[in-house]
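Have the model open and follow along.

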Amino acid sequence: MARLLVMIPSGEIYDHDCVRWYQYQNIQRSIGNYHNIGDAFVFDSSLKLLNFEKIGVLEINNPDWDSLDRLREEYDYVMLRGSNYVHGEMQWHDTAAVLRKLGLPVLAFGIGAQAPVRGKLELSDQTVEVLRTMADLSTSIGVRGAFSAQVLSDLGIDNVRIIGCPTAFRKLDPDLRITLPPLADVEKVGLTIRREVSPTYAQDIQRYLTFHRDFVKTLANRFDTTLMAQGEVEEKKIVLGTDAQKEEAIAALRANGWAAQWYFDDAMEALYRERLFYSDVVADYEALVRRMDLVLGYRLHGNLMALANGVPSIYVTYDSRTAEFAETYRIPSYDLFGDAAFVLEDYWDQGRFDAFNAAWRGVYDETRAFLLENNVDTRLVARSGETRRADMLQVA
């Protein structure tokens with residue numbers, strides 16, 4: 001049973017391996033701040049894949065240097081939960097120096113790179129130093145997909161495995177499979193929405209938002225839909241705020257230039273008032289997707305939560321991050337900036353999901369091998385019929 005230090009956690013832990021946002025009972029504490037609860041999905045899922053007896057937090061911003069000798073004795077490794085860390089704006093504070101002094105193995109659990117729409121990905125010297133330090137302290141680094149692996153390779157870091165995201169394996173089911181029901185039987189549909197987006201990564205904001213609006217309205221007219229938000233301030237206020245905060249949020253959306261022009265019309269306002277969902281508790285999202293017949297949309301981790309629970313999901317891809325993720329798992333996906341129109345029937349094809357089923361099994365095996373070769377006690381078991389290559393790696 002491992003003892004792990006978490007670097008950059010995302011939420012508080014309860015019931016050993018469950019995550020919710022900090023002081024979630026007092027929603028007013030964070031209702032005015034954006035936080036992506038999808039990061040908590042990854043943290044929660046990472047914990048569910050591991051056997052551990054003790055967990056702590058490793059500070060990288062204003063660290064207590066005198067405590068590092070003690071932490072080295074009390075813990076077995078440092079875990080960096082998967083996220084979008086490899087980009088030009090990432091701030092690492094004292095991470096490299098802390099990791100070097102601590103000297104513990106690092107479990108980099110599905111980190112990803114993101115390319116801007118224009119120009120090449122430029123990384124700071126600080127980011128390069130952190131990545132190389134983690135590589136030196138690890139048997140391997142787990143990355144989101146082929147693009148992220150190439151970015152690290154270009155830095156001379158080749159001890160990587162493509163493991164996607166731990167959320168895919170949170171149910172610990174080595175035989176997970178998506179089997180489509182007849183589309184005529186689909187009634188309840190979850191729409192993962194992302195209103196806020198950066199022009200650095202999405203090439204056409206007008207196209208992004210107008211398609212998003214029409215996509216939501218079309219599906220809402222066809223199915224019993226739930227709009228699944230993941231942390232934008234106005235959406236949080238509409239779901240969890242006071243009556244005054246709810247109306248304040250509606251007014252803010254009406255006054256927002258992009259939203260007012262291309263997204264938040266009368267029909268969207270009605271849907272927001274009647275069908276919007278948000279929670280600061282990861283388990284609430286999992287309970288929601290289990291009730292759905294289909295989940296689709298913009299949110300990387302919201303969609304993956306559905307797939308992990310055996311619920312079909314279709315991705316709308318709009319940047320290098322979402323495209324890389326869909327490619328890693330061969331998830332049926334619609335390119336928002338492509339030429340084709342979105343037709344749900346085109347994606348309701350068992351062959352498409354069989355490709356996902358096969359890719360999922362391959363990434364499951366890679367994730368298990370990654371954990372074992374890094375000497376991490378994992379709850380992932382070998383799939384039946386496998387050669388147990390990962391187990392042989394551990395023995396070697």
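Where is Ser-124 found? Look in the loop between β6 and α4; helices (H or I, at least four residues) and strands (E, at least two) are DSSP runs here, numbered from the N terminus. Before going further, a word on the ground rules: this is a predicted model, so local features need pLDDT of at least 70 and side-chain atom pairs count only at pLDDT 80 or more, while totals for chains, interfaces and linings use all residues. Residues are numbered from 1 along each chain as its sequence is written, and side-chain values use heavy atoms, with hydrogens and water left out.

Back to Ser-124, which counts as partly exposed at 25% relative accessibility. On this scale buried means under 20% relative accessible area, exposed means over 50%, and partly exposed is in between (1.4 Å probe, protein chains only). Ser-124 and Leu-155 are 31 residues apart along the chain, and their C-alpha atoms are separated by 12 Å.

Now for helix α3, residues 95-102. Its buried residues are Thr-95, Ala-96, Val-98, Leu-99 and Leu-102. They cover an arc of only 165° around the axis, so they sit on the same side of α3; the arc is that of the directions from the helix axis to the C-beta atoms. An α-helix has 3.6 residues a turn, so residues three or four places apart point the same way. What do the buried residues of α3 pack against? Their partners are β1 (2-7), β4 (52-58), α2 (68-74), β5 (77-81), β6 (106-111) and α4 (125-137), with contact meaning heavy atoms within 4.5 Å. After α3 comes Gly-103, whose phi is positive, near 75°.

Two residues other than glycine also have a positive phi. One is Leu-172, near 60°, in the loop between β8 (160-162) and β9 (188-192); Leu-172 is partly exposed, with a relative accessible area of 21%. Asn-375 has a phi near 60° as well and lies in the loop between α15 (350-373) and α16 (389-395). At 60% relative accessibility, Asn-375 counts as exposed.

On to the cores. A nonpolar core is a set of buried Ala, Val, Leu, Ile, Met, Phe, Trp, Tyr and Cys residues joined through side-chain atoms within 4.5 Å. The largest has 96 residues, of which Leu-50, Phe-215, Tyr-272, Leu-296 and Tyr-329 touch the most other members. Helix α6 (residues 205-222) gives the largest share of this core, eight residues. Apart from it lies another core of 35 residues, among them Leu-102, Ile-111, Val-151 and Leu-155. As for Leu-50, its contacts beyond four places in sequence include Leu-4, Tyr-77, Leu-107 and Val-376.

Grid points are joined across faces, edges and corners, and a volume is the space filled by probe spheres set on the points.

The largest pocket holds about 630 Å³. Of its 29 lining residues, Asn-36, Asp-39, Ser-83, Asn-84 and Arg-194 are the closest to its centre.

How many cavities of 30 Å³ or more does a search of the whole structure find? There are two. The largest cavity, about 40 Å³, is lined by Asn-36, Arg-194, Gln-230, Tyr-298, Arg-299, Leu-300, His-301 and Arg-321.

Finish at Gln-230, in the loop between β10 and α7 (233-240). Gln-230 is buried, with a relative accessible area of 3%, and among the residues it touches are Asn-36, Arg-299 and His-301.

Note on methods:
1 Å grid on protein atoms, 1.4 Å probe; cavity = no way out; pocket = protein on both sides within 12 Å on 5 of 7 lines; lining within 4 Å.
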